[in-house]
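Dear colleague,

I am passing this structure on to you, and I would be glad if you looked through it before reading my notes below.

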Amino acid sequence: MQAETLILRGGRVVCPLNNIDEVMDVVVQNGRVVSLGSTAEEGRVIDCSGCVVAPGFTDIGAELGDPGYLWREDLISGSEAGAAGGFTSIVSSPKTDPVVDTPVAVAELVSRSFELSGARVLVSGAITTGLDGEHLAELGLMVESGAVALSDGRTTMMHTGLLRRALDYARPFGVPVILRPGDTELEGSGVMHEGEVSTQIGLRGIPAAAEEIGVARLIALSALTGCRLHLSQITTAGSVKQIRAAKEDGVRVTAAVPARHLIMTDRAVDQSVYDTSTRLLPPLRSESDRLACVAGVKDGVIDCVTADHVPLTRIEKEVEYMYATPGAMGLETAFSATLEGLGGDLISTVRALSVAPANVIGKRAALEADAAADLVVFDPSVSISVEGPFRSRGLNEPLKGRVLPGKIVMTIRDGCIIYGPKRD
Amino acid sequence: MNRKDLLGLRDVSREEITEILDTAERFRSVSERRIKKVPTLRGRTVVTFFMENSTRTRLSFDLAAKRLSADTLGFSASSSATKKGETLMDTARNIDAMKPDAIIIRHSAAGSPHMLAKAFPWSVLNAGDGINEHPSQALLDMLTMRDHLGSLEGKTIAIVGDVYHSRVARSNIYGLTTMGAKVVVAGPGTMCPPSMAHLGVEVRHTIDEVVADADVIMMLRIQRERLQPGMMSTVNEYSHFYGLDLERLKLARPDVLVMHPGPINRGVEMTPDVADSEQSVILEQVTNGVAVRMALLYLLLGGEQTGGEEDAS
């Protein structure tokens, strides 16, 4: 990729970290932002009038399936799907085959990620080998090899003693530990949120309590060990409430809600007549949970919105509801879903997709002189109709058919246009 | 009735249920003749596709189709290609290639009949999907109740046992409430959780509370083979709190109807003397099952094209 001098002209520049929200030009050179507001430089002019120019989005925990699940996704398709969704960085989940649980596996992904022409892929290493929840992996060596976080993916570590030791062990390496709060025993054989809808349509439920017990465990263990924890998918009102209290107590936790959970509820399972694209983990929750999550993101208790990207194909989804693999793709729709969910609140959207997730992995997502030129340009006034083809290999998009606000116009990473018009 | 499939009673109207029951009443006489066959569905192909064990329902559907002169073929889990790893959709595509008119499916996964109904042109009849619905059973139950009670409007139906995990109960609850009946359920806390109230029923926890006011007592089978650990303690304790014996039956109105979808665990949910008592209409349910299923096949497959009305009379 060749970085050229770009002049993003006349866009509404939104940078929550610097309290910027005004129309001005942004000049990008040699992969970095060189100036805001000045147009002295020569370069390729990109008309951004009517659009928002903001720091590029970061996603934490996308399942890119590479290696081992290449029919679902690989680094290239995942990276390009991310770029199309406005993401400049994606932290991949270690849920691959084999699992990313050794320094060699981390190093291999890190080196391959240099060749990508879409979003940057950052690597998280598994906490336990094979994600078995029992045997501690070489956490420090993986961090030395370039892992930006440690995670057991979607697997919930049920062995509390080991989890405590893992957090104590991980803390000195300085990277966040990413875990999905849950209780596999209580999740049981549930396939959707337990409530009115599951009772009506005869599907076994996963109670909100399964997640909330997980949240309580993780908060208590973060307080005990001092380890920085990121709760990768929280979806219930009770979780929001606990996280609010934990933050007030100074516990070092951050949390993300999946974007689609801001605009979908368990009614979708019924309305779609058992469409397996609605089978998710965590599941789509009730309306009151949805509203609590929206409020949590708006007031900052929930730091991040995540694409919660789990691309799957007909192999995993064209089966009976209870046998379908849970998950949905999300990189290409997360932005519009967030904007819809937050009622068009641009500042909160940028904060939840750019600033907060970057901060979780120790990066600063800001538009300022000498910052890495990771930018997204989007038009909030245009609606998109969610329909394929997608850049992701997944086919499981539960938002398919919906019309959502906001269109990604251009994504720029390290000063290169990774999505959008290559030439005027 | 203008619908391709019967997937459950949740979205079936009062008028449609009445039409099904009225049609079933007319078909009942066919089974009482010496030659138990009418030509209504001659040349139509009905497939029974049972991915879970069944005796009553499969035989009843098979007999219903045969008495309407349809060609029937059936296959079950043990004989099907799913054992060799074929997906349900692929199996269905193969059945589809043989041009059936209707498929009667039983499957352990809720929503499976709906998946086939969305994807294929033929009629799908749900013969039980997971813990969701078993509409033909509820319809035969309602026909049996109507025979004795006249109308279902304002009647009180008690359902006792593992209501939450019962597709028979769920279909009955939908159908009965649509018909204006009041449904009261009783069972252990694990089997009648408070969320049952979402279905528009009253939840109680002792059988004595529900027996006294009931016009009908429907006892459900304890599906011992499916119970998760902790769902109940012992059969002894279950029978003590939720079993129906003659002593408890005395608390009920003398003309109460005792029903059970079968197969009965004698001595668990009811004592043998209750199962065989005057109030028991369990075998009438089975007889009505054939008539109801004839009516469903006739209404869904459009038997009127061959003059089914006269055939049925």
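Which residues does B:Met294 touch, not counting residues up to four places away in sequence? B:Met294 touches B:Ala24, B:Phe27, B:Val30, B:Ala64, B:Arg67 and B:Leu68, where two residues are in contact if their C-beta atoms, placed from the backbone, lie within 7 Å.

Before going further, please keep in mind that this is a predicted model, in which local features need pLDDT of at least 70 and side-chain atom pairs count only at pLDDT 80 or more, while totals for chains, interfaces and linings use all residues. Residues are numbered from 1 along each chain as its sequence is written, and chains are lettered from A and ligands numbered from 1 in the order in which they are written.

A nonpolar core is a set of buried Ala, Val, Leu, Ile, Met, Phe, Trp, Tyr and Cys residues joined through C-beta atoms within 7 Å; a residue is buried if 20 or more other C-beta atoms lie within 10 Å of its own, exposed if 12 or fewer, and partly exposed in between.

The centres of domain 1 and domain 2 of chain B, taken over C-alpha atoms, are 26 Å apart, and their contact takes 21 residues from domain 1 and 17 residues from domain 2. On the side of domain 1 of chain B that touches domain 2, the elements that give two or more residues are α1 (14-27), β4 (123-129) and α11 of chain B, and α11(B) gives the largest share, seven residues.

Where the chains meet

The contact between the chains takes 22 residues from chain B and 15 residues from chain A. On the chain B side, α3 (88-97), α4 (112-119) and α6 (167-178) each give two or more residues, and α4(B) gives the most, with four residues.

Backbone details

Most residues other than glycine have a negative phi, and most peptide bonds are trans. In chain A, however, the peptide bond from A:Asp97 to A:Pro98 is cis, with omega near 0°, and A:Pro98 sits in the loop between β7 (87-92) and α2 (103-113) of chain A. The bond from A:Gly388 to A:Pro389 is cis as well, with omega near -5°, and A:Pro389 belongs to the loop between β16 (375-385) and β17 (403-413) of chain A.

A:Leu131 is not a glycine and yet has a positive phi of about 55°; A:Leu131 counts as buried because 22 C-beta neighbours lie inside 10 Å. B:Ser69 likewise has a positive phi, of about 70°, in the loop between α2 (56-67) and β2 (71-76) of chain B, but B:Ser69 is partly exposed, with 17 other C-beta atoms within 10 Å.

With best wishes

Definitions and conventions. Domain bounds come from an automatic or database domain assignment.
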